[in-house]
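Here is a short note on how two parts of one chain meet. Please read it with the structure open.

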Protein chains: 2
Amino acid sequence: MMEDVTTTATPRRSPGDKHDERRNQLAESALRTLGELGYARASLREIATNSEFSHGVVHYYFRDKLELIVYCVRYYKARCVRRYDAVVAESDSAEELVEAFAAKLVETLRDEAPMHRLWYDLRTQSMFEPGLSEAVTHIDNTLQEMIWRVVERYSDLAGRPPALTPAATYAVLDGLFQQGLLALTRDGEAVLAGLPAQVRALLPVLLAPEA
Amino acid sequence: MMEDVTTTATPRRSPGDKHDERRNQLAESALRTLGELGYARASLREIATNSEFSHGVVHYYFRDKLELIVYCVRYYKARCVRRYDAVVAESDSAEELVEAFAAKLVETLRDEAPMHRLWYDLRTQSMFEPGLSEAVTHIDNTLQEMIWRVVERYSDLAGRPPALTPAATYAVLDGLFQQGLLALTRDGEAVLAGLPAQVRALLPVLLAPEA
DNA sequence: GTTTTCTCTTGACACCCGTCAAGAGCATGG
DNA sequence: CCATGCTCTTGACGGGTGTCAAGAGAAAAC
């Protein structure tokens, strides 16, 4: 007994990452349900039903609901903040980057709408539930950096410096994206056709006008 | 019997607006509670507790919770979408308007943060609860018009046409405002000091550059 | 093969929710 | 002055929630 030296709060782990695997498995089911129903309506039972486990297992891998949610958020973040890296890398002119960025925006909106609905839900809930605040802030910063990488590259290609701070630039583009998501949810995929034009109009004004 | 010609779904109204007065009274209590707790956590009992009535009275004046919420939203909207009209009317130069607008933005954020938290909450919830969608969309349009009046006036004073559509302009400013609200909620009132600078940087780029 | 440890299920608990029926209090109008 | 509405309170209902304890079942260790 007590043969291992690594002590953990969660049950002792023999292989070490078997737990993490299950946690990720649960996180994936949870994200599916959360994206569908939103934070308030997604119960642990419903989440478990959409997985291959029963409702009690959640408390074996997570202390409480909040820890599950926060884990989900971080899990999700890990694989989405590099989404525009290809846009940055593969564009050789300012116009090209604008088009690629707009196209990626539309694609993201179309293919992962539930996940983005969840993200905005959680970010809003963080204003009422301080327990969410830390994780949400961290992601928001990461997203801001992601956007800034795009705009910096755009600035280099266009030969004009950015007109706004990274925070304001992110805020502005996030506002456009959020309205796109609202319109998509309300009116269907047809509205996505109008988004590239908005991006084409907005991006240039985010750089200082040519001398 | 049946002496009045105006028929209503709710109980018959002798004076006609006694009901509306109570409804508004309840709406005000509800808005206070909703702003504090958010949509998901604000129960009818809690709302009634924060009023001078008991929890059962809600169903005397509203069919169900959703009708109360929607009524609240519309009630709130009615007295906030004219908030920037003075800014438009009393500014005689572009720079003056920018400063007045920024100041009003900060004031609104500081004095009515709970109400704005609620608004963003409801707008997000409308993506999961279609019953909210109509009311939310209506308000969003009204806010867009409010913003557009400011930017149009700004455009006139500066002698430069707007660079973006009304929808994109609203989306962009709304994004900035929302980030301000998040920062305020997270870090306290100190962050408001930095907002005017962001407004001063952003508003000029919303107009086409001078020829 | 037996014992120990890890996983997961089941079922219960205390609580809170929206809703509604029954009735008390009160004013109004006959 | 009694009767008739209108307001509002009380108390209950069925259902859903997060949480957790007890134990079944499998796997691993010896």
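1. A polar contact is a pair of N or O atoms within 3.5 Å; within protein, one must be able to donate a hydrogen and the other to accept it, and residues adjacent in sequence count only if both atoms are side-chain atoms. Between domain 1 of chain A and domain 2 of chain A, 2 residue pairs are in polar contact, with both residues at pLDDT 80 or more.

2. The model is predicted: local features need pLDDT of at least 70, side-chain atom pairs count only at pLDDT 80 or more, and totals for chains, interfaces and linings use all residues. Residues are numbered from 1 along each chain as its sequence is written, chains are lettered from A, and side-chain values use heavy atoms, without hydrogens and water.

3. In chain A, domain 1 covers 18-77 and domain 2 covers 85-205, with bounds from an automatic or database domain assignment. Their C-alpha centres lie 27 Å apart.

4. Contact (heavy atoms within 4.5 Å) joins 13 residues of domain 1 to 16 residues of domain 2. The buried area (accessible area, 1.4 Å probe, that two parts lose on being put together, summed over both) is about 1400 Å², and carbon and sulfur atoms give 74% of it.

5. The rule finds 1 salt bridge across this interface, a salt bridge being a side-chain nitrogen of Lys or Arg within 4 Å of a carboxyl oxygen of Asp or Glu. A:R74 and A:E134 form a salt bridge, with their closest N and O atoms 3.9 Å apart.
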